Amino acid sequence: MEALDKRTAGPRRQQLEPAAADAVRAYAARTRKNADQFATVLEDIAANGLPPVEDCTPWEELGETHLARLAA
């Protein structure tokens, strides 16, 4: 709780516009969802081991897909 106290201590915090606050909340929700999905995958690997190589997507393909998504 000490970290929270440090964030709120000091000068008054600048409030966000309602649209900006909504965007931050949406980003937080997407981040939380992605973290939950990642945690689920890691828990599955811990419980069942790594999947067979032939069922996996190569890193190079994942990287190319991600770069294409960023470029779009």
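Okay, so first the caveats: it's a predicted model, where local features need pLDDT of at least 70 and side-chain atom pairs count only at pLDDT 80 or more, while totals for chains, interfaces and linings use all residues. Numbering runs from 1 along each chain as its sequence is written, and side-chain values use heavy atoms, with hydrogens and water left out.

On confidence, pLDDT being the predictor's confidence in each residue, from 0 to 100, the protein's mean is 90, and 86% of its residues reach 70 or more.

The fold reads α-α-α along the sequence, with three helices and zero strands. Those are DSSP runs numbered from the N terminus, H or I of at least four residues for helices, E of at least two for strands.

H2 has 31 residues and reaches 45 Å from first C-alpha to last, close to the expected 45 Å; the expected span is 1.5 Å times one less than the number of residues. Just after H2, Gly49 takes a positive phi of about 85°. Then there's H3, residues 59–71, reaching 18 Å, close to the 18 Å expected.

So, is H3 buried or exposed? Well, H3 is hardly covered: zero of its 13 residues count as buried, meaning under 20% relative accessible area with a 1.4 Å probe, protein chains only. Across the protein, buried residues make up 1% of the 72.

Last thing, the largest pocket. Its lining includes Leu50, Pro51, Trp59 and Leu62. A pocket here is an open set of points on a 1 Å grid over the protein atoms alone, where a 1.4 Å probe fits, with protein on both sides within 12 Å along at least five of seven lines; lining residues have an atom within 4 Å of a point.

How values were computed: Buried means under 20% relative accessible area, exposed over 50%, partly exposed in between (1.4 Å probe, protein chains only).
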